[in-house]
Amino acid sequence: MSLGPCEIFEVGPRDGLQNEAGEIAVADKVALVDRLTDAGFRRIECASFVSPKWVPQMAGSGEVMAAIRRKDGVRYAALTPNMRGFEDALAAGVDEVAVFGSASEGFSQKNINASVAESLARFAPILEDARHRDIPVRGYVSCVVECPYDGAVAPAAVAEVADKLFAMGCYEISLGDTIGAGTPDSIARMLLAVRDVVPVGRLAGHYHDTQGRAMANIDASLSLGVRVFDAAVGGLGGCPYAPGASGNVATEAVNAHLTALGYETGLDQDVLEQAAGLAQAMRG
Ligand code: HMG
Ligand code: MG
């Protein structure tokens, strides 16, 4: 029996590769994105227009965007922390961008050198400009359960930032369990608070698998109505400003799980596994 559609938003080429210690050639990144294009995603996060001093691994983002093979109906996305990044992303031809904030002050400072309030003020002109250009903007909220610097994060703090990003015009709010500290209970408490201010159909779960609980957290989220999950092929990933943030939950595992439950993802499991092989090989 079909339980209806459930989408995986592929973040491996960005969240996965941003954390790799060794240099990864632009051609390898392009090959990974191209394979992912063949897997049937509707949205793939390929790049990040951040300071190369902060995240050297994303330095070739413009070249990656220029070289990928684009398929109709697929949106190729990138992170943009400020207007400079947004302008670079537009010049590189991205289809959608993402701003990324945090529910905790400590992570906000360490990750983007701004308080939560300052970060929202930085995002405002991006959202304003994107609205006129009809560029979709996604909004990330990091540390939705726990912050590596500040400890436990209250569901109300997550709801407040999610509400503000949604009101500013983000079409979807991706809720990041950045260090994989969430449990089905804490994720559910957080979602119940966020669902009160942002429609559940506009939420995505972005769960790192640091403690091996990402799949259980996806199940808890499904039961509360979430139908979009971020994942990275091969379980690549982490965040350079979140010590201990190991990989995102692996796309091929999430796809197999959702499909077994009866959800339709539109993805080709064989191609995903090939892409996972490519991702693992790149990692060395
Ligand atoms: P700053 O140092 O406060 O900014 O950094 P600044 O405006 O003072 O600029 C400093 C230098 O960076 C200048 O260069 C700027 O030109 C340059 P300099 O004069 O020193 O040569 N610069 C840029 N260069 C390229 N692209 C740009 C850009 N902006 C400034 N867009 C800034 C502030 C936000 C730029 C910096 O903190 C930064 O780049 N942070 C990014 C951190 C990051 O990418 N973290 C990982 C992504 S978030 C994540 O992984 C979590 C997520 O997956 C969800 C989850 O799991 O929770 C999304
Ligand atoms: Mg992440």
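**View 1. Strand 9 and its two partner strands.** Strand 6 (137–142) and strand 9 run parallel and are joined by four bridges; strands count as paired if DSSP finds at least two bridges between them. Helices (H or I, at least four residues) and strands (E, at least two) are DSSP runs, numbered from the N terminus. Tyr140 has Ser174 in strand 9 as its bridge partner. Strand 9 is also joined to strand 10 (residues 203–207) by five bridges, and these two strands run parallel. Here Gly176 stands opposite His206 of strand 10. Between strand 9 and strand 10 the chain passes through helix 8 (residues 184–195), in a β-α-β crossover that is right-handed. Right-handed means that, with the strands pointing away from the viewer, the path from the first strand over the helix to the second runs clockwise.

This is a predicted model, in which local features need pLDDT of at least 70, side-chain atom pairs count only at pLDDT 80 or more, and totals for chains, interfaces and linings use all residues. Residues are numbered from 1 along each chain as its sequence is written, while chains are lettered from A and ligands numbered from 1 in the order in which they are written. The pLDDT is the predictor's confidence in each residue, from 0 to 100; the protein averages 96, and 98% of the residues score at least 70. For the complex, the predictor gives an ipTM of 0.98 and a pTM of 0.97.

**View 2. The two faces of strand 9.** Strand 9 (residues 172–177) is largely enclosed by the rest of the structure, because six of its six residues are buried. A residue is buried if 20 or more other C-beta atoms, placed from the backbone, lie within 10 Å of its own, exposed if 12 or fewer, and partly exposed in between. In a regular strand the side chains alternate between the two faces of the sheet. Glu172, Ser174 and Gly176 point one way from strand 9, whereas Ile173, Leu175 and Asp177 point the other way.

View 3. Strand 3 (residues 43–48) and strand 4 run parallel, with five bridges between them; Arg43 has Arg75 in strand 4 as its bridge partner. Together with helix 3 (residues 61–67), strand 3 and strand 4 make a right-handed β-α-β unit. Four of the five residues of strand 4 are buried. Three bridges join strand 4 (residues 75–79) to strand 5, again parallel, and Ala78 is paired with Val97 of strand 5. The chain goes from strand 4 through helix 4 to strand 5 in a right-handed β-α-β crossover. In strand 5 (residues 96–102), six of the seven residues are buried. Six bridges join strand 5 to strand 6, which run parallel, and Val99 stands opposite Gly139 in strand 6.

**View 4. The surroundings of Val158.** Val158 belongs to helix 7 (residues 155–168). It counts as buried because it has 27 C-beta neighbours inside 10 Å. Leaving out residues up to four places away in sequence, Val158 touches Ala103, Val141, Val144, Val153, Leu175, Met190, Ala193 and Val194; contact means C-beta atoms, placed from the backbone, within 7 Å. Val158 and Val194 are 36 residues apart along the chain, yet their C-alpha atoms are separated by 6.9 Å.

**View 5. The shell around ligand 1.** Ligand 1 is surrounded by 26 residues, of which the closest are Val50, Gly85, Asn113, Ser142 and Gly176; a residue is near a molecule if its C-beta atom, placed from the backbone, lies within 6 Å of it. Helix 4 (83–91), helix 5 (105–112) and strand 6 are the elements that give two or more residues to this shell. The shell has 11 nonpolar, 12 polar and three charged residues. Ala, Val, Leu, Ile, Met, Phe, Trp, Tyr, Cys and Pro count as nonpolar, Asp, Glu, Lys and Arg as charged, and the others, Gly among them, as polar.

Key: Two residues are in contact if their C-beta atoms, placed from the backbone, lie within 7 Å.
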